[in-house]
Amino acid sequence: MWTRAVTLLLVLAVTLADFGQGAIYPEDDTQENLLTVVPCVKRLCEKYFKSERAMKGSLAIINIKPDTSAFQLNILKSFNDDPRHEMGVMVKDGRKKHWNASHVTEKAKNYLLLVSDSSELDAPINQLRRLPTWNPLAQVVVLFTSEMTPLVFQIEVRNALQKLFENSVLNVNVMVQRYNTSVLEVWTWFPYENGGCADSILNIRLMDECEYVEVSMENVAEKMDENSEFIVPELEYSNVTAANSSLQVFFEQSEQTGDSFVETVWLFREKHYFSDYGPKIPKDYNYCPLMISTPIWEPFVVGNETSIEKGLEVLMIEVITARMKLTPVYRFIDPLRASATITADNSTGFYADLIQRRTDLMIGGLYENPISRRMLSSSIPYFQDDLTWCVPTARHAPKWLNVFIIFNVWIWLVAIIIIFVAAAIIYCLNHVEHRYPENYTWMLLQSLAFSLSVYAHYWPQRFSIRFFLVGYMIYGLHWSAAYHSFLISVLTRPRFEPQISTVEAAMANKFQFAGPENTLVHFDKPDGVSRFITSVYQVCPDRDDCLARLHSERNLAVAMSRAHSHNSKSIGEAEIFCFDRKDNIQTYSVGMMVKKDFHLLPKINDLIRRISESGLLGKWQVESDKIRVDEDLEDRGGDDGGHGDGQIVLKVEHIEGAFILGAIGLGLSTVAFIGEIVYFNLKNRYKWNDSPYRADRYRRRPRPVVRHGEVDGNVSPILE
């Protein structure tokens with residue numbers, strides 16, 4: 001039967017189990033008294049052990065030793081011999097590890113702990129916590145197997161409730177046999193009763209009483225008339241209801257007294273002091289404080305060390321606490337502790353507040369790790385973030401190249417070659433025509449003018465030459481139009497140097513790698529990149545100070561949360577570039593860390609799920625990004641150069657390349673002019689002869705003069 005689906009886990013930690021320093025063994029008379037309350041234990045457990053599913057097919061794990069007592073055997077028998085067969089029984093030795101616990105996948109709904117006193121609770125609780133079925137929200141019944149005086153019992157009940165409360169178990173009922181009687185009492189507490197906040201056990205109350213008695217049938221009607229606490233349920237007798245108690249026939253027997261038979265029955269005599277007391281954990285929590293630890297970590301938590309302003313998780317906490325009627329109380333975590341290596345240190349470690357239960361939950365863009373999984377609980381995830389490398393944005397490319405980068409180098413080479421080739425063609429055509437004695441340099445200037453679609457001082461006579469020049473001018477027209485069109489785009493759009501966007505590129509450019517200490521764990525890998533990063537990694541005690549270094553250090557890569565890097569106040573979003581998601585160090589789901597088995601976690605998870613489904617998280621994220629953009633614009637005073645319409649005013653640096661090119665040409669011409677003067681003076685001083693080469697054949701013929709419409713000769717006039 002134990003292989004069926006587990007919907008009820010009933011754990012019996014017995015008195016004779018050797019927990020801790022020695023067991024307490026009841027005396028024989030105590031054992032006999034305990035046997036009288038076994039039916040009441042079974043009956044009240046049926047009352048408290050409730051779940052949404054039926055109990056049939058559930059599992060009872062009973063911790064016993066081979067020399068178990070008669071009381072334990074009767075408890076075993078009472079559950080195992082249930083005619084309804086609603087539970088299976090598994091005998092378990094509490095000193096050994098649960099064998100093959102992986103097949104149990106469903107959380108327990110109920111527990112029953114049999115101990116002599118509260119000092120024996122530690123061992124069974126620790127055993128239960130190690131089982132995969134551990135459920136702090138289950139119904140727990142603690143049965144003391146030693147008779148106690150009222151004063152001792154009050155102390156023991158509080159101790160038991162306190163130990164279970166320290167393990168986040170609040171649905172607890174404590175059973176004890178009333179001193180020197182066969183009455184079984186049940187005591188409990190309500191964590192949020194009368195404005196309480198589940199922070200201390202102040203009031204305990206008696207819930208139920210049960211006694212299993214033998215009554216002769218002759219006295220049943222008489223007892224019912226005398227005391228309305230007794231009823232006879234619908235078994236073999238009529239059903240009579242009393243105010244808050246009942247009498248049930250369990251079985252009947254006949255005893256012979258002389259010549260007559262006396263019929264007797266066993267009855268349950270019960271008193272219920274609170275027939276409908278509601279759940280132990282209510283829906284509203286009296287505006288009790290919800291202690292929250294957090295670092296300042298945008299965009300999840302925005303503020304300073306004295307106050308909280310806003311943030312995704314802060315807004316979520318506000319909604320959750322408002323719905324649950326809680327009051328959030330924040331406790332700030334030192335940035336140095338937030339960036340340190342995650343350890344299991346419960347005094348100074350990152351999770352110290354939760355481990356020592358000084359706070360209830362922790363926020364700040366957190367995610368699970370092996371230590372948190374072992375020592376804490378976590379909420380369901382509600383945001384996805386990346387741990388990635390962030391570097392400075394690429395600097396603006398030199399503006400003096402603006403006039404040259406319009407076309408690539410091959411187009412420029414083709415254009416320059418065309419100018420020289422066209423100049424050579426014009427030179428040759430001019431040589432054929434015998435018109436002008438200009439040299440090749442002059443023809444090169446003419447070709448450049450034609451290619452730029454500007455005026456050229458050249459008058460050819462032949463139709464073939466003019467046809468060539470017309471085609472060349474059409475080419476120049478297209479070239480000039482294309483150049484000026486692209487020039488406008490280049491001058492009005494900023495250009496940047498190549499952006500470092502991969503770890504390999506950063507390594508090739510001799511970048512430094514830095515970040516918080518707790519990030520180093522992600523580079524504990526055998527590959528070469530991880531080994532290199534580990535060898536040069538610089539630890540930043542304060543993560544925001546590390547980001548601020550990107551202002552001045554161009555060769556620095558910082559390991560940082562992507563969401564925080566784009567929202568941190570230490571650096572503008574336009575000054576930082578984070579690698580693409582495919583180059584992430586790690587991608588993780590953000591959630592809240594809460595103290596182990598926090599009893600409010602299921603309610604918090606339910607509200608987080610509803611917030612996520614409603615789309616509020618996305619809305620808060622958009623609002624957060626909008627606020628950040630507005631703040632950046634205010635800090636920069638706008639990017640439109642003082643013009644509200646966004647018009648870009650060109651400055652000298654936008655076209656400084658043209659000025660540089662003109663200055664170079666002017667410098668070269670000046671040097672050439674000075675060279676010519678020096679040569680002329682030297683020639684006159686030393687009587688140097690001119691070059692023997694003379695271009696007499698290129699001597700210009702006299703131009704005809706037009707007077708009153710007449711033409712000198714047969715030559716057509718050339719108008720200047």
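Analyst: Buried means under 20% relative accessible area, exposed over 50%, partly exposed in between (1.4 Å probe, protein chains only). This is a predicted model: local features need pLDDT of at least 70, side-chain atom pairs count only at 80 or more, and totals for chains, interfaces and linings use all residues. Numbering runs from 1 along each chain as its sequence is written, and side-chain values use heavy atoms, without hydrogens or water.

Start with Leu290. Its relative accessible area is 2%, so Leu290 counts as buried. It lies in strand 11, which runs over residues 288-294 (strands are DSSP E runs of at least two residues, helices H or I runs of at least four, numbered from the N terminus). Thr321, Leu326, Thr327, Pro328 and Val329 are among them. Asp360, Leu361 and Phe598 also touch Leu290. Asp360 is 70 residues from Leu290 along the chain. Even so, the C-alpha atoms of Leu290 and Asp360 are separated by 6.4 Å.

Now the whole chain. Among contacts with a separation of 6 or more, 74% are between residues 24 or more positions apart. The Leu290 contact with Asp360 spans 70 residues. Of the 720 residues, 43% count as buried; Leu290 is one of the buried residues. The chain has 20 helices and 23 strands. Its accessible surface (Shrake-Rupley, 1.4 Å probe, only the protein chains shown as cover for residues) comes to about 39,100 Å². Carbon and sulfur atoms hold 56% of that surface.

Taking the bonded cysteines in sequence order, the pairing reads 1-3, 2-4, 5-8, 6-7.

Cys40 pairs with Cys210, S to S 2.2 Å. The link of Cys40 and Cys210 is left-handed, with -75° about the S-S bond. It ties distant parts of the chain, 170 residues apart: Cys40 sits in helix 2 (residues 38-48), Cys210 in strand 8 (residues 205-216). Both Cys40 and Cys210 are buried.

Cys390 pairs with Cys578, S to S 2.1 Å. Here the link is right-handed, with 90° about the S-S bond. Again distant parts are joined, 188 residues apart: Cys390 in strand 17 (residues 383-392), Cys578 in strand 21 (residues 576-578). Cys390 has 0% relative accessibility, so it counts as buried. Cys578 is at 8%, so it is buried too.

Cys540 and Cys546 form another disulfide, S to S 2.1 Å. Both Cys540 and Cys546 are buried.

Cys45 counts as buried because its relative accessibility is 1%. Cys428 is at 46%, so it counts as partly exposed.

Last, the annotated segments. An unreviewed UniProt entry assigns "transmembrane region" to residues 400-428, 440-459, 465-491 and 658-682 (positions follow the numbering used here, feature names are shortened, and annotations may be inferred rather than shown by experiment). Over residues 400-428 the model has 69% helix and 0% strand. The end C-alpha atoms of residues 400-428 are 37 Å apart. Residues 658-682 are 100% helix and 0% strand, with end C-alpha atoms 36 Å apart.

How values were computed: Contact means heavy atoms within 4.5 Å. A disulfide is a pair of cysteine sulfur atoms within 2.5 Å. Lists of a residue's contacts leave out its neighbours within four places in sequence.
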